[in-house]
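Hi,

Here is the structure I promised to pass on. Have a look at it first, and my notes follow below.

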Amino acid sequence: MDTNKAYAQLDIEQVRSNKWWHHRWFKIACLCFIILAVLTIVLVLLLKFVILVPEKLDSTTTKTTTLSTITTTISTLTTTTTSTTTTTSSITSTSTIITSTITTARHSGWSNTGNMTELRMEHTASLLQNGKVLVTAGFYDDTHLNSSELYDPLTGSWTSTGSMNQGRDGHTASLLPNGKVLVTGGIGEQDYLNHAELYDPSTETWTVTNSMKDKRNFAAACLLADGNVLVTGGFNGDTILDSVEVYDPSTGIWTTTGYMAEARDGHTASLLPNGKVLAAGGFSRHTFQNTAELYHPSTGTWTTTDSMKDRRDYHTATVLTNGNVLVTGGSYGGITQNSAELYDFSTETWKTVGSMNNARHNHQAVLLNDGKVLVTGGSNGSRALHTAELYDPSTELWTTIGNMNNARDYHTACLLTDGNVLVAGGSGDSTDLNTAELYSRSIRTSITIDKMNNIQDNHEISPLTNG
Ligand SMILES: *[C@@H]1O[C@H](CO)[C@@H](O)[C@H](O)[C@H]1NC(C)=O
Ligand SMILES: *[C@@H]1O[C@H](CO)[C@@H](O)[C@H](O)[C@H]1NC(C)=O
Ligand SMILES: *[C@@H]1O[C@H](CO)[C@@H](O)[C@H](O)[C@H]1NC(C)=O
């Protein structure tokens, strides 16, 4: 029968049109899936090539041709999006070959950040547990400053954080395990100082703590493994000291401990991984020291260790990632050193490593997160330096990097939690400085699609459904 036939035909049509792959929702789901997949791939690519760029040279250009499967998916997105917006009935997959170049340009270098509220040199800078940097006291215009200020890396600005109880410069500042900062000694308006005070970041206030037994200017302080602070040597106005005192933050009490074999000021004191402290160089007995000695906290005594090759004071000492200590530059009378030496804490010996490109004293050295050491500014014996250089522990060599915007010595340099380095104040070309600048290792990346070949192939993946 014709009618039966017609009904049968209708049934078939209905069944066919009811087939699940004919439903509009399925196509929409497909589209959503493809868009999601493409977004995921784009995200993965961004992560791989833009955000997680591997550490390489300071400025690199990496050319990458993306996989053709990925480019095919990207072009499919373009096509399907078009077909959705124009509601055409055909979904077309297009194979397009895109040669894309991903250029990763790494701009490490200097940029100015906010100015400090005061000009200062011979101040200190300490990274607090909250990520801010505390700058204390210093010297400007014949004044031993009593001001302190905080740098906030999030805003790039400085705010005053109260007056210290004693104006000073040439002092020490140590971050304690409880988050407070202990400031000791230096020189004030009237005298050399044994005065010590504590900064509490939670109240942003200063309180006086017990004074040291000795007045000390240009002493070296070092946080011990047990959380106490060791303060070594310094100048008391009459003599350079061999005496050493330990501050216990839980009691606020100073205890005299073993004397160093040599009196020293303008020296360094570095905590080694084995808990000993390495004191190196400095000035005493009318000469610049190349001697070094080790403090043993368990016995409270010092023993002489290997001497450096070069004599130096106002040098730097940086404990590297492997626990060895890099000493750089310093002054030897009228001669400024460019030499660098490495103390191996396991063999307790020094060896010479590559010399810096610039001789410098009263400079700063900072261990970066990648294990390299950034050295900034200082004086070459006649004037302050703009230059900065990087020490690579794997080659034991130095590379000059871009100049700072200001020449500076007697400044501070402090590693921030984001891996950048904050350099602040100091004495410049003609005046003391309120300026601060950041050494940034951040990466800025641009993605360039170089070449997009025209559509090569068109094929249907779905029959007509509308109309
Ligand atoms: C910072 O201080 C210097 C002078 O020391 C001045 O030239 C500069 O304009 C100041 N910068 C800002 C942002 O105030
Ligand atoms: C800090 O120094 C300023 C200026 O020298 C002075 O006026 C002020 O009294 C000092 N404050 C303290 C607490 O010593
Ligand atoms: C220090 O640097 C200045 C400027 O670069 C230069 O003119 C001078 O000769 C240098 N002095 C010494 C002792 O190297």
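For the classes, Ala, Val, Leu, Ile, Met, Phe, Trp, Tyr, Cys and Pro count as nonpolar, Asp, Glu, Lys and Arg as charged, and the others, Gly among them, as polar. The shell itself consists of Thr143, Asn146, Ser163, Asn165 and Gly167, where a residue is near a molecule if its C-beta atom, placed from the backbone, lies within 6 Å of it.

Ligand 3 has Asn380, Gly381, Ser382 and Arg383 around it. By class that gives no nonpolar, three polar and one charged residues.

Before you go further, some housekeeping. This is a predicted model, in which local features need pLDDT of at least 70 and side-chain atom pairs count only at pLDDT 80 or more, while totals for chains, interfaces and linings use all residues. Residues are numbered from 1 along each chain as its sequence is written, and chains are lettered from A and ligands numbered from 1 in the order in which they are written.

On confidence: pLDDT (the predictor's confidence in each residue, from 0 to 100) averages 83 over the protein, and 73% of the residues score at least 70. Residues 50-106 are below 50, and this stretch has 99 contacts in the model beyond near neighbours in sequence. A contact here means two C-beta atoms, placed from the backbone, within 7 Å. Residues 443-467 also stay under 50, with 45 contacts beyond four places in sequence.

Now the fold. I get three helices and 38 strands, taken as DSSP runs numbered from the N terminus (helices are H or I, at least four residues; strands are E, at least two). Of the contacts with a separation of 6 or more, 51% are between residues 24 or more positions apart. Buried residues make up 40% of the 467 in the protein; buried means that 20 or more other C-beta atoms lie within 10 Å of the residue's own, again placed from the backbone.

Take a look at E11 (residues 181-184). Both of its faces are covered, with Val181 and Val183 buried on one side and Leu182 and Thr184 on the other. E10 (residues 172-175) pairs with E11 in the antiparallel sense over four bridges; strands count as paired if DSSP finds at least two bridges between them. Thr172 has Thr184 as its bridge partner. Five residues lie between E10 and E11 in this hairpin, and Gly179 in the turn has a positive phi of about 95°. E11 is also joined to E12 (residues 196-200), antiparallel and by four bridges, with Val183 opposite Glu197.

There is also an open sheet of four strands, in the order E3-E36-E35-E34, with antiparallel pairing. Its edge strands are E3 (109-113) and E34 (412-415), each pairing on one side only. Four bridges join E34 to E35 (residues 421-424), and Cys414 stands opposite Leu422 there.

Last, Tyr314, in the loop between E23 (301-305) and E24 (316-319). Why does Tyr314 count as buried? Because 26 other C-beta atoms lie within 10 Å. Leaving out residues up to four places away in sequence, Tyr314 touches Gly266, Gly330, Ser331, His361 and Asn362. Thr268 is 46 residues apart from Tyr314 along the chain, yet their C-alpha atoms are separated by 8.2 Å.

Cheers

Notes: Buried ≥ 20, exposed ≤ 12 C-beta atoms within 10 Å, placed from the backbone.
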